Amino acid sequence: YYRYGTSITPSVGDIVMVEASHGTDVGAVTLTGELVRVQLTRKNPKTNINTLSRVIRIATQEDVDLWQEVQKKEDETMVKARKAAAELKLDMKISDVEYQGDGTKAIFYFTSESRVDFRELIKKFAGTFKVRVEMKQIGARQEAGRVGGIGSCGRELCCSTWLTDFRSVSTSAARYQQLSLNPQKLAGQCGKLKCCLNYELGSYMDALKNFPKKETKLKTEKGTAVCQKTDIFKKQLWYAYVGEWNNWFLLSVDQANAIINENKSNKLVSSLEEYTTENNAVEESMFENVVGQDSLTRFDKPRKKKNLKRRKAKKHVN
């Protein structure tokens, strides 16, 4: 977020020069006006607008050329930086390098599992690249966002496009959604649990409010039944008697809750069979299997039928 004075009126898409901690930087305007104030209030209500960095001016062609020139050096700088860190045997991975717009400063982003003493590395970087050096440690999710890539859904990673709020993701999110706890499928390119596991979690939590707990057992005169499977969207549960694990009985959420309420009153229902008779009705199919119903020659031109009457008349004449 930046503020600008009355001397300039930037609009969305403009390339501008802005104040940086040391020197100036280049940026593109993405949002202006009252919407920025609303976003800033939502992110940090206590922010004082007068303390924000300032937009200096609209960037000239020389500024843009210098910016593009230093951007081209970022890949080469990252390779040299990795070699320098390896020579010093530091337990760190330099994942990205970003030059400031005026070329006087470079930010080295790195990931590490432990605390790293990189004072000697900074001296080496400053002597090699002749710029002011800033080291910034980031997490695995931030690294994936900076590097970018394509997710298993076939779309560009959320963290590199629009996602800015990296919330923690736990395996309980996968359990609520009845997903297989397979690390290879649940992990993203950062090696952590996928952020998209949180997207639909609220809907699943709302749907599960009326469901009985899976560990709750149904007590009947025939025996005790244990929950085997749940279908959240159809609001159905499958129960099996203890010792008869191959025979499953389908119950709706209301039927299961009714039996639980009876058990709380120290009453036993006769069996699960009397509740499942209502569910045994054959449901009307929404789709039909049309394999084999259509002829293979349905797109061929129909043959003209021969006139049988003319053929018979010719036989009689002969």
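This is a predicted model: local features need pLDDT of at least 70, side-chain atom pairs count only at pLDDT 80 or more; totals for chains, interfaces and linings use all residues.
In the largest nonpolar core, which has 19 residues, those touching the most other members are Met92, Ile94, Tyr99, Phe108, Leu121, Phe125 and Met135; a nonpolar core here is a set of buried Ala, Val, Leu, Ile, Met, Phe, Trp, Tyr and Cys residues joined through side-chain atoms within 4.5 Å, where buried means under 20% relative accessible area, exposed over 50% and partly exposed in between, with a 1.4 Å probe and protein chains only. At least two residues of this core come from each of helix H3 (74-87), E5, E6, helix H4 (119-129) and strand E7 (132-137), with helices (H or I, at least four residues) and strands (E, at least two) being DSSP runs numbered from the N terminus.

Residues are numbered from 1 along each chain as its sequence is written, and side-chain values use heavy atoms, with hydrogens and water left out.

Turning to the rings, Phe110 and Phe118 form an edge-to-face pair, 5.5 Å centre to centre with 70° between the planes; rings of Phe, Tyr and Trp (its six-membered ring) pair if their centres lie within 6.5 Å, and planes under 30 degrees apart count as stacked, over 60 as edge-to-face and the rest as tilted. Phe110 is buried at 2% relative accessible area, whereas Phe118, at 22%, counts as partly exposed. Ring pairs also link Phe108, Phe125 and Phe129 into a cluster.
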